[in-house]
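The stops below go from a sheet to the helices on it, and then to a pair of helices elsewhere in the numbering.

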Amino acid sequence: MKSNYNTYHTGVKTCFALGLQEQLLPQIFIQSIPNSTSHYWKNENPDKYLGSDFVSQIEDGLDDTKLFLDKRLVLGRKAFGQLGRLYITIITLIGKENFKKLIKANRNVFVDLLEGLGDDFPIAKKDLLLFLQITKPQYAFWLGDRKFSCSKSLIGQCFKRRPKQISNKEIIVLKNYMNNSKYKRWCIRSIWGKAIREGAVSMAESTWYKYAKKLGYSQARKPEKKTRKKGSFNASRPNETWHMDISQYKTLDNVIFYIYIVVDNFSRKIIAWDISTKKCSKIRTETVRQAIKNEFDVTIDNQSLDLIVDGGSENNNRTISEFIRNCHVNINKKIALKDVTFSNSIVEGPYKIMKTYYFRCKEILSTTIHEELKFFIDDYNNNRPCDKHKIYTPNEVHQNPELANIKIVLDKSNQQRLEENRNYCCKLSA
């Protein structure tokens with residue numbers, strides 16, 4: 001005998017249990033369900049089901065769900081669905097972090113847009129912030145910047161309301177250092193190191209870069225290339241590891257010169273150098289001999305060092321081998337990326353600085369290159385703070401290795417800056 005009972009889908013029961021049947025189910029279908037059955041679904045005790053403790057979380061969003069599913073909002077629901085798909089597509093294509101960066105970079109545009117919305121705008125501001133992935137504290141800070149904007153400040157913020165920003169006096173100091181002709185061949189990091197060393201400012205390196213960029217002294221950094229050479233390693237003391245190589249340079253009058261240098265790994269000091277129109281093993285050997293003479297005591301036994309070279313014939317020949325064999329210092333010559341896993345990039349650093357900051361901005365002739373090279377090496381070793389050692393020069397670290405371990409401590413409170421900004425008067429500066 002055929003049963004007269006109907007079996008209903010679990011989803012239908014869930015709709016009645018949550019009170020969503022009017023929004024989700026056709027009226028004809030609802031009327032076809034016996035009253036006793038639907039009444040049972042509505043009043044059934046949810047505690048007998050696993051996960052009933054999560055019902056309260058579900059009910060918190062029921063009002064919004066009911067509103068969204070209201071038949072009178074069918075057009076709005078379709079529009080929101082399309083907007084949601086568009087939003088998800090944008091996030092997927094450009095990435096969540098890039099989306100946040102885009103919003104942050106154009107924050108004033110979005111603040112003006114959100115603050116310009118009328119009271120009759122159908123979407124609450126908190127929902128728009130959530131949609132744009134802007135937190136409430138973040139938006140409050142942006143709103144404060146907009147409210148207390150100041151054209152006198154490089155970052156566009158009121159000095160009194162944001163007293164921790166760099167003061168005008170410090171901006172003047174930065175300009176003086178960046179415009180100083182003595183430092184025109186230095187990179188921005190070295191100029192910052194000099195200013196910190198002399199106690200002229202109490203400013204982090206990143207802050208110095210930020211304001212130098214705003215003042216037009218630098219441009220935005222290019223993204224690093226994905227493929228990079230394997231870096232070198234860091235020695236633990238001076239004269240533990242040396243690097244040597246030869247670089248070619250053509251002068252303005254078309255004469256090719258070969259520049260020979262030996263660089264200490266620990267301090268980055270150029271400890272020996274030479275220049276010639278010839279590329280030969282004899283000159284290469286003489287620079288190593290000079291470096292040994294400058295750095296090692298002939299009366300002390302059991303002295304040793306690692307000498308890192310490239311695979312070129314100028315570094316690997318009979319003349320070099322005989323010198324190493326007869327030298328009173330135990331020299332372990334190793335070819336980069338062959339005998340050791342790292343590159344010889346340490347010695348390439350000074351060459352890059354020389355060509356980029358010292359030679360590119362001048363007319364280098366065959367009659368002047370020797371003096372220009374001599375000036376570069378003296379300035380590099382004794383005056384220009386090294387990138388690795390922040391505020392100290394290669395020669396300072398070479399002579400006093402303990403300087404390499406000193407951490408730079410900036411005056412974070414900087415009472416003088418706070419006091420000056422809090423007492424800043426826009427009218428007097430106009």
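**Stop 1: the sheet**

Select V262 and then A272 in β3, its bridge partner. This is a predicted model, in which local features need pLDDT of at least 70 and side-chain atom pairs count only at pLDDT 80 or more, while totals for chains, interfaces and linings use all residues. Residues are numbered from 1 along each chain as its sequence is written, and side-chain values use heavy atoms, with hydrogens and water left out.

Strands (E, at least two residues) and helices (H or I, at least four) are DSSP runs, numbered from the N terminus.

Now show the whole open sheet: 5 strands in the order β3-β2-β1-β4-β5, with mixed pairing. From one strand to the next, the twist averages 20°.

**Stop 2: helices on the sheet**

Select α15, residues 281-295, which packs on the sheet and touches β1 (241-250), β2, β3, β4 (304-309) and β5. Contact means heavy atoms within 4.5 Å. The direction of α15 makes about 150° with that of β3; axes are lines fitted to C-alpha atoms, for helices over the stretch in contact, and angles run from 0 to 180 degrees between N-to-C directions.

Next, select α17 (residues 345-359), which touches β1, β2 and β3. Its direction makes about 35° with that of β1.

**Stop 3: a helix pair**

Select α1 (residues 10-18) with α4 (residues 35-43): they pack at about 65°, axes 7 Å apart. V12, K13, F16 and A17 in α1 meet S38, W41 and K42 in α4.

Methods
Pairing = 2+ DSSP bridges.
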